[in-house]
Amino acid sequence: MGRKTMRKGLLGITLSIVTAMGISSAMAEMTAGESRLYQAAKAEKPAIWYTAHYTTETSEALTKAFAEKYPGLSVDVVRSTGGVAYQRLQQELTANQLQGDIFSNSDINQYRELRQQGYLAKYRPENFDKVVDAYKGIYEDDHYLDTSIAYAVIVYNNAKVSAANAPKSWKDFIDAKWKGKSAISHPGFSGTSAHWFAAMEKLFGRDFMQKLADNAPHVGRSSFDPISNVISGERLIGVAISSSALALAAKGNPITVVYPEEGIVLFRGRTAILAGSDSPNTARLFVNFLLGIEANEILAKEYWEVTRQEVKPAPGMQSLDSIKKIDLTPEEIVKGTPEAVATFRDAFGI
Amino acid sequence: MSVVMQDQPYALPWWKRAAPRLDLSMLVWLAAAAILVVLVANPLLKLALTSFQARDGSGFTLANYMTAYGEWRHIRALTNTLVMAAAVVAICLVLALPLAWACARTNMPGKAAIRICALGAFVMPPYLGATGWILLAGPNAGWLNRLWMVLTGGDAGLLNVFSFTGLVSIMAMNLYFFLFIFCTSALEMLSSEMEDAANILGAGPFETARRIILPLILPAILGGAIVTFLQSIALFGVPALISMPARYPVVVTQLWQFFEAPVRVGVAAAYSIPLLAVTVALMGRR
């Protein structure tokens, strides 16, 4: 009996030493600032993260890794399309019933509006300085920042279109030979689509919209829709976001990704903390985590562009160093996207 | 004497006079009215008020109405919606009336199964039904169209779900249940003596249906048609998937866009007033 107790005691001590070592090693990985936030966050409720541009799987992988890195903290994901997330947030804010703490989406117009309304909290995470220079972006006196990078590419169905026949450029994309065979998404519903249209109007002028409309592309709501249409064979070519296109191509779907000659259109996914958040420290720690190495490793697996030098990109992913990029400035986006939505509606009637 | 009789009620103290009126049914009625005011009248009033409110919440404005009806695209979505709803009602009548008649007035086998199937069409979320039809009748990759291309050796499909016809057909398949259920119950309550009398007087089945049955169940048909019409104006699941690729904008998809950044709740409220007016007008007529 006594022995058993002793054994149990020994086991307990060993376990607690191991746990303590585990915790201390986790603590060791934290900077002073991070552990300060961590201590303050422990008393808070789980933070709620409204996100649109990550897939459900990616967002859940990110929050899971966060909870593992910071035991006792958690972030709950509410994922939807950009418009829905924003509507929900606006309704909560106008009704003074804020549930969300963190908001991630790619449409800078939404952040501008939220900032004007005074709904965003100021925060510059420690990890911001460690981000690759080209992908660093923090706006309006540190009220929102870039947390992920993807870009627009062309995808084609390689079971039905040969590489030689496939479009090589955005100009090819609106060629009359693709009449009734291409797929896009509605810029009024998808922020990335509006951004892409603004880039195309910058490249080709207003002509682009009419030529595209004459080609009668299939118009989806989400920016993921064109890829589904190309994979199913409903349409042959489509405009797609690199992360989902490359991931789906790697899984063996019959699509090939083309980096258009005029340049890929860079999308910067942004994140902000809401001023009315009741879990502000958890939110800050999470935003810092999004720019960290662990988050980038998860994003790399899902074919997002990595923003930290320490992390290797997904296998087979082309380096963007030598590839032409169309990187619109915030001003170009803010001015260009509503114009693109208006010309789209006039040209397409929807 | 009579003066005394008249005066007597007024002689009662007020609590005694009010007491017999406040019985239990009165309380239930008042509670129901209060719930209705909170749940129905309150949001409607809020909607109407919002439609006249400036975006920053400062005072009365007509700007929301100017924005909502100042563009041909928005007007077209309104007329499109009315045309769509009318077409849906027409298809529902063609689907539901014969089915209801067969289920209620004939000894057709498998009536129970047909009723359950009709209920199934109603219970299924419209969004799922639309997705199913996209898989079946997508113009290039739909299974039915692929089968057609294999059978005929052609390179074009037969059906195109992304069209006006596709839109109204799928909506009708989701909504014909209302007319079916309204008409079945009306037909079931119809006394067969009427039909017998018509038969004895020499009318055939068609003549009987046209001159006896149809006028008798006309109120049910009209009621069902109105409900179907209102449902098709308000249904979002099917237009969300079909109307955009079909390039046929309707009110619900346009309303949605008013909630994109910049969110224009006032404009959305102003834009939804005709829907409300149509509803009130149709329900008032019943």
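B:Arg247 lies in the loop that joins helix H12 (237-242) and helix H13 (251-257) of chain B, helices being DSSP runs of H or I with at least four residues and strands runs of E with at least two, numbered from the N terminus. The model is a predicted one, in which local features need pLDDT of at least 70 and side-chain atom pairs count only at pLDDT 80 or more, while totals for chains, interfaces and linings use all residues. Residues are numbered from 1 along each chain as its sequence is written, chains are lettered from A in the order in which they are written, and side-chain values use heavy atoms, with hydrogens and water left out.

The phi of B:Arg247 is near 55 degrees, a positive value in a residue other than glycine. Most residues other than glycine have a negative phi. With a relative accessible area of 26%, B:Arg247 is partly exposed (buried means under 20%, exposed over 50%, partly exposed in between; 1.4 Å probe, protein chains only).

The area buried between the two chains is about 2300 Å², of which carbon and sulfur atoms give 52%; buried area is the accessible area (1.4 Å probe) lost when two parts are put together, summed over both. In this interface 27 residues of chain B are in contact with 29 residues of chain A, contact meaning heavy atoms within 4.5 Å.

A positive phi in a residue other than glycine is also found at A:Asp141, near 60 degrees. A:Asp141 is placed in the loop between strand E5 (138-139) and E6 of chain A and counts as partly exposed at 47% relative accessibility.

Strand E6 (144-157) of chain A is one of the elements that cover the buried residues of helix H10(A), along with helix H9 (225-232), strand E9 (237-241) and strand E10 (255-258). Those buried residues of H10 (residues 242-250) are A:Ser242, A:Ser243, A:Ser244, A:Ala245, A:Leu246 and A:Ala247. Just after H10(A), A:Gly252 has a positive phi of about 95 degrees.

Elsewhere in chain A, A:Thr58, A:Ala61, A:Leu62, A:Ala65 and A:Lys69 of H3(A) meet A:Glu294, A:Ala295, A:Ile298 and A:Leu299 of H12(A). The residues of this contact divide into six nonpolar, one polar and two charged (Ala, Val, Leu, Ile, Met, Phe, Trp, Tyr, Cys and Pro count as nonpolar, Asp, Glu, Lys and Arg as charged, and the others, Gly among them, as polar).
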